[in-house]
Amino acid sequence: MQQKELKELNEQGKIKTVMVVNRGIYWNVAVDTEEEKFAVIRAARGGKREFKTLDAVKAMLDEVNIQSFSVC
């Protein structure tokens, strides 16, 4: 799932849970929706999107109007 789809699902109210996962040197975002269990946000060029900082994750989530998430 890419950021654009994440925004659309959020606007439709289909997101159940957002988890931000620390992978040591980067962060991933996993989303639990009505249709898919913990889909990882993907980069536009393919592969999992890797965020260097938690602030970068928060900025992306703000762009798609997601305010509530868990950090693991």
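The stops run from the whole chain to single residues.

**Before you start.** This is a predicted model: local features need pLDDT of at least 70, side-chain atom pairs count only at pLDDT 80 or more, and totals for chains, interfaces and linings use all residues. Residues are numbered from 1 along each chain as its sequence is written, and side-chain values use heavy atoms, with hydrogens and water left out.

**Stop 1: the whole protein.** Show everything. You have 2 helices and 4 strands. Helices (H or I, at least four residues) and strands (E, at least two) are DSSP runs, numbered from the N terminus. Trace the elements from the N terminus: the order is α-β-β-β-α-β. The C-alpha trace spans about 30 × 25 × 20 Å along its principal axes. The radius of gyration is 11 Å, which agrees with the value near 11 Å for a compact globule of 72 residues. That radius is taken over C-alpha atoms, and the globule rule is 2.2 Å times the number of residues to the power 0.38.

Now colour by burial. Buried means under 20% relative accessible area, exposed over 50%, and partly exposed in between (1.4 Å probe, protein chains only). Of the 72 residues, 33% are buried.

**Stop 2: the core.** Select Leu-6, Ile-15, Val-29, Val-57, Met-60, Leu-61 and Ile-66. These have the most contacts inside the largest nonpolar core, which has 17 residues. Such a core is a set of buried Ala, Val, Leu, Ile, Met, Phe, Trp, Tyr and Cys residues joined through side-chain atoms within 4.5 Å. Which elements each supply at least two residues of this core? They are α1 (3–11), β1 (15–22), β2 (27–33) and α2 (54–63).

Zoom in on Ile-66. Leaving out residues up to four places away in sequence, Ile-66 touches Leu-6, Asn-10, Ile-15, Val-18 and Leu-61. Contact here means heavy atoms within 4.5 Å.

**Stop 3: helix α1.** Select Gln-3, Leu-6 and Leu-9, which are buried in α1. They lie on the same side of α1, because they cover an arc of only 120 degrees around the axis. The arc is that of the directions from the helix axis to the C-beta atoms. Their cover includes β1, β2 and α2. Turn to the face away from this buried side: it carries the exposed residues Lys-4 and Glu-11.

Stop 4: Is Gln-3 buried or exposed? Gln-3 counts as buried, at 19% relative accessibility. Its side chain makes a polar contact with the side chain of Arg-49 (2.8 Å). A polar contact is a pair of N or O atoms within 3.5 Å; within protein, one must be able to donate a hydrogen and the other to accept it, and residues adjacent in sequence count only if both atoms are side-chain atoms.

Asn-28 counts as buried because its relative accessibility is 4%. Its side chain reaches the backbone oxygen of Arg-49 at 2.8 Å.

**Stop 5: Gly-46.** Finish in the loop between β3 (39–40) and α2, where you find Gly-46. Gly-46 counts as partly exposed, at 43% relative accessibility. Draw a distance to Glu-5, 41 residues apart along the chain: the two C-alpha atoms are separated by 14 Å.
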